[in-house]
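Okay, everyone, thanks for coming.

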Amino acid sequence: MEKNVAMETITLTYKRLPNRVNYFQQQLLYEDEKVIVTSQRVIPSSPIIENGITVLGENYTAIWFVFTGKWYDIGKIYNLNNEWTGYYCDIIKPVIRSKDTFEIVDLFLDLWVSPNGSYEIQDEDEFETAVQNGDITTDLAKKARNALTDLIDEVSSGKFPPEFVKEFVPKIQLEF
């Protein structure tokens, strides 16, 4: 089932352990059995700044790639001038999909990947606090760390991002 969509919205149920739940309406750009691609404006808890330049800030646009069975998602980030600034990857439990919604459980660890291939791990302190508080089980923490290590290995070996992400062009005009 491949679905190219014109201005359809989908609800993301975003869970953060132990019990925070948010719902985000996102523009559905593409969907098949392997991936859901959406777009939204982001409001990060704090900006990411590289060499004095904000690469992830308020109202930047993210095109999100959520892959079935993967322990991470990929956000292709664009600034307010519609310039690509890099990739933001959340370590998550594999997505749960239903007809008009999809659910992810965020596992705190994130990875910022710059256009030049350098990367920076984000939110390790939040992850460690969640582990210490028992919000993340030892087994789940191990899976999250392994997912981050695997993702870093993909970046380091030049296998990141997947070709689908590199080549994806929305068939509709994004609202930048």
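So, α1 and α2 are roughly antiparallel to each other, where roughly antiparallel means an angle over 145 degrees, against under 35 for roughly parallel, 65 to 115 for roughly perpendicular, and oblique for the rest. When I say helix, I mean a DSSP run of H or I with at least four residues, and a strand is a run of E with at least two, both numbered from the N terminus. Helix α1 covers residues 124-132 and α2 covers residues 138-156; their axes come within 10 Å and cross at roughly 160°. Those axes are lines fitted to C-alpha atoms, for helices over the stretch in contact, and the angles run from 0 to 180 degrees between N-to-C directions. The crossing of α1 past α2 is left-handed, which is to say the near helix is turned anticlockwise from the far one by less than a right angle; clockwise would be right-handed.

Which residues in α1 and α2 meet? On the α1 side they are Phe127, Glu128 and Val131, and on the α2 side Ala141, Ala144 and Arg145. Contact here means heavy atoms within 4.5 Å. Sorted by class, that contact has four nonpolar residues, two charged ones and no polar ones. Nonpolar takes in Ala, Val, Leu, Ile, Met, Phe, Trp, Tyr, Cys and Pro, charged is Asp, Glu, Lys and Arg, and the others, Gly among them, count as polar.

A quick word on what you're looking at: this is a predicted model, where local features need pLDDT of at least 70 and side-chain atom pairs count only at pLDDT 80 or more, while totals for chains, interfaces and linings use all residues. Residues are numbered from 1 along each chain as its sequence is written, and side-chain values use heavy atoms, with hydrogens and water left out.

Right, on to the inside. The largest nonpolar core has 33 residues, and the members touching the most others are Val37, Phe65, Ile74, Ile91, Leu111 and Phe160. By nonpolar core I mean a set of buried Ala, Val, Leu, Ile, Met, Phe, Trp, Tyr and Cys residues joined through side-chain atoms within 4.5 Å. And buried means under 20% relative accessible area, exposed means over 50%, and partly exposed is in between, with a 1.4 Å probe and protein chains only. Elements giving two or more residues to this core include β3 (35-41), β6 (61-67), β10 (101-113) and α1. Which element gives the most to this core? That's α2, with eight residues.

Skipping neighbours within four places in sequence, its contacts include Phe65, Tyr87, Cys89, Phe160 and Val165.

Now Arg16, in strand β1 (residues 3-16). Is Arg16 buried or exposed? Buried, at a relative accessible area of 12%. Not counting residues up to four places away in sequence, Arg16 touches Asp106, Phe108 and Glu126. The C-alpha atoms of Arg16 and Ile104 are 8.7 Å apart, although 88 residues separate them along the chain.

As a rule, most residues other than glycine have a negative phi, and most peptide bonds are trans. The bond from Leu17 to Pro18 is cis, with omega near 10°, and Pro18 is in the loop between β1 and β2. Another cis bond joins Phe160 and Pro161, with omega about -5°; Pro161 is in the loop between α2 and α3 (163-167).

As for positive phi, Asn51 has a value of about 50° without being a glycine. Find Asn51 in the loop between β4 (48-50) and β5 (53-56); Asn51 is exposed, at 80% relative accessible area. Gly52 lies in that loop between β4 and β5 too, and Gly52 is exposed at 68%. Asn82 also has a positive phi, near 65°. Asn82 is in the loop between β7 and β8 and counts as partly exposed, at 40%.

Last stop, Pro44, in the loop between β3 and β4. Pro44 is partly exposed at 23%, and beyond four places in sequence its contacts are Leu56, Gly57 and Glu58. That's my tour, thanks!
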